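Trainee: Could we walk through this structure together? I would like to go from the whole chain down to single residues.

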Amino acid sequence: MKKDQSLATPYLQFSRQQWAALRNSVPLTLTEEQIANLKGINEDLSLEEVAQIYLPLSRLLNFYFSSNVRRQAVLEQFLGTNGPRIPYIIGIAGSVAVGKSTTARVLQALLSRWPEHRKVELLTTDGFLHPNKVLQERGLMKKKGFPQSYDIQNLVRFVSEIKSGAPRVTAPQYSHLIYDIIPDSCKVIEQPDILILEGLNVLQSGMDYPHDPHRVFVSDFVDFSIYVDAPEDLLQGWYINRFLKFRQGAFSNPDSYFHHYSQLPESEAVEIATNLWKEINGLNLTQNILPTRERASLIMTKGGNHAVESVRLRK
């Protein structure tokens, strides 16, 4: 008898149509205008995409979250205590330009609109990059986004405090305009029900940080993790297109770190973006990000136009 290959993988595989069927009549609470405000600069996010991909995902996350609340109640009953509310952490990882931020924003919007009116916070790990001054001193400006560019101990401290039920936790803030940490600025997180943590490194572990060894990592505190995946040729194309749109938009701001790129001819801008992908972002993907994919609870694989074509869910 032929061996069932599905037993050899820890994931359940769903086509787009199979996954969409799991929506189970959950109502769409976002308007087309609200969705337009959530999508990234180079993404085609439609009502259909939200309905077929993100509503089933938000339904699944709602089940997991409710189960986690019950588990906390069981522990408190056993201990005879009434401790602080412990946030549920959802991690979102994937390559630069794959659409992690849009996935995070859509999920935040959907999860906060469930009838229970849960408090859902969103944070990117960009705020835990070392400031440019430190990266320059260490010769790491061309390694921004690589493991060694992060203040990983501060990031682990942050998620540890979140998971301890601390009433108020602060995180540094990053500006893509100035391409640096914003001095004397922080985001305050005050006991959310759910924290969505989005970044290149949320699934990384000790093997990714041999230069900065310590016992626990961000991934140890994440309750449910999502890896947003796509073929590398698509990712490179999306990155270049995004670069060109930034060149016409954000880069034209005189305060932008990349303002000088706005003056370049398009052909030269394409060449620069291609080199940036090959020398930095593509390299980081293959060396540090893609190897974490199979650690995720769920893998969303995109095709053209950022449309999700298949979903793999850990059994």
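Mentor: Gladly, and keep in mind that this is a predicted model. Among contacts in the chain with a separation of 6 or more, 74% join residues 24 or more positions apart.

Trainee: How compact is the chain for its 315 residues?

Mentor: The chain has eight helices and nine strands. Its radius of gyration is 20 Å, and the globule rule gives 20 Å for 315 residues, so the chain is as compact as a globular protein of that length.

Trainee: What share of the residues of the chain count as buried?

Mentor: Let's begin with the surface: the accessible area of the chain is about 15,500 Å², and 52% of it belongs to carbon and sulfur atoms. As for the 315 residues, the share that count as buried is 49%.

Trainee: Is Val98 buried or exposed?

Mentor: Val98 sits in the loop between strand E2 (88-94) and helix H4 (100-112). Leaving out residues up to four places away in sequence, Val98 touches Val228, Asp229, Ala230, Leu235, Trp238, Lys302 and His306. Its relative accessibility is 0%, and buried means under 20%, so Val98 counts as buried.

Trainee: And what is the relative accessible area of Ser101?

Mentor: Ser101 lies in helix H4. Ser101 is partly exposed, because its relative accessible area is 31%.

Note on methods
Residues numbered from 1 in each chain as written. Predicted model: local features only at pLDDT ≥ 70, side-chain atom pairs only at ≥ 80, totals over all residues. Heavy atoms only, no water. Helix = DSSP H or I, 4+ residues; strand = E, 2+ residues; numbered from the N terminus. Buried < 20%, exposed > 50% of the residue type's maximum accessible area, 1.4 Å probe, protein only. Contact = heavy atoms within 4.5 Å. Rg over C-alpha atoms; globule rule 2.2 N^0.38 Å. Areas by Shrake-Rupley, 256 points an atom, 1.4 Å probe, with all protein chains shown as cover.
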